Amino acid sequence: MTEVIPPPVRARGQRAATFGGITTPAGQPRPPAGPDYAAIHASPEFTALRSRFRRFVFPMAALFFVWYLAYVLLAAYAKDFMSIRLFGSVNIALVLGLLQFASTIGITAWYVRWARTRIDPEVERIRVKAGVDAR
């Protein structure tokens, strides 16, 4: 059978939250549970880091999107151009399609190298300043 346990008796004037088993009396400050994310977000270091990240990622994403869209439009509307044979059975469409894969791998490798040298050290400085343990 289920046993019913009465709630604890509180002193007069002491209020306690009961939702979800929270029993900390109202008005007592809680110790900080972790980093102050609002302060980190507002810091000039974090703002500079976001700006640096965006200056790389947004233009690179736009450039790749234009390159991909050009390939799709050429495949759809320039069939005569895309079917020109370069050698053997290899045509322009095949070469441009393989270059899509090569450019994806190249951009990814470039970003990883760039992030390791320009982003990761700044992230580590922000983590240390915020008092977060290093990973």
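Modeller: Start with a definition: helices are DSSP runs of H or I with at least four residues, strands are runs of E with at least two, and both are numbered from the N terminus. On that basis the chain has four helices and two strands. Their order from the N terminus is α-α-α-β-β-α.

This is a predicted model, where local features need pLDDT of at least 70, side-chain atom pairs count only at pLDDT 80 or more, and totals for chains, interfaces and linings use all residues. Residues are numbered from 1 along each chain as its sequence is written, and side-chain values use heavy atoms, with hydrogens and water left out.

Now to the setting of the rings. Two packed helices are described by the angle between their axes and the distance between the axes. Here the helices are α2, residues 44-77, and α4, residues 92-130. Their axes, which are lines fitted to C-alpha atoms over the stretch in contact, come within 11 Å. They cross at roughly 175 degrees, with angles running from 0 to 180 degrees between N-to-C directions. So α2 is roughly antiparallel to α4 (over 145 degrees). The contact of α2 with α4 holds 21 nonpolar residues, four polar and five charged. Nonpolar means Ala, Val, Leu, Ile, Met, Phe, Trp, Tyr, Cys and Pro; charged means Asp, Glu, Lys and Arg; the others, Gly among them, are polar.

Next, the rings. Rings of Phe, Tyr and Trp (its six-membered ring) pair if their centres lie within 6.5 Å. Planes under 30 degrees apart are stacked, over 60 edge-to-face, and the rest tilted. The count comes to five aromatic pairs.

One of them joins Phe53 and Tyr111, edge-to-face, at 6.4 Å centre to centre with 80 degrees between the planes. Phe53 sits in α2 and Tyr111 in α4, 58 residues apart, and the pair links distant parts of the chain. Phe53 is partly exposed at 33% relative accessible area, and Tyr111 is partly exposed at 29%. Buried means under 20%, exposed over 50%, and partly exposed in between, with a 1.4 Å probe and protein chains only.

Another pair is Phe56 with Trp110, also edge-to-face: 5.3 Å between centres, 80 degrees between planes. Phe56 belongs to α2 and Trp110 to α4, 54 residues apart. Phe56 is buried at 11%, whereas Trp110 is partly exposed at 47%.

Ring pairs link Phe53, Phe56, Trp110, Tyr111 and Trp114 into a cluster.

Key:
Angles under 35 degrees count as roughly parallel, over 145 as roughly antiparallel, 65 to 115 as roughly perpendicular and the rest as oblique.
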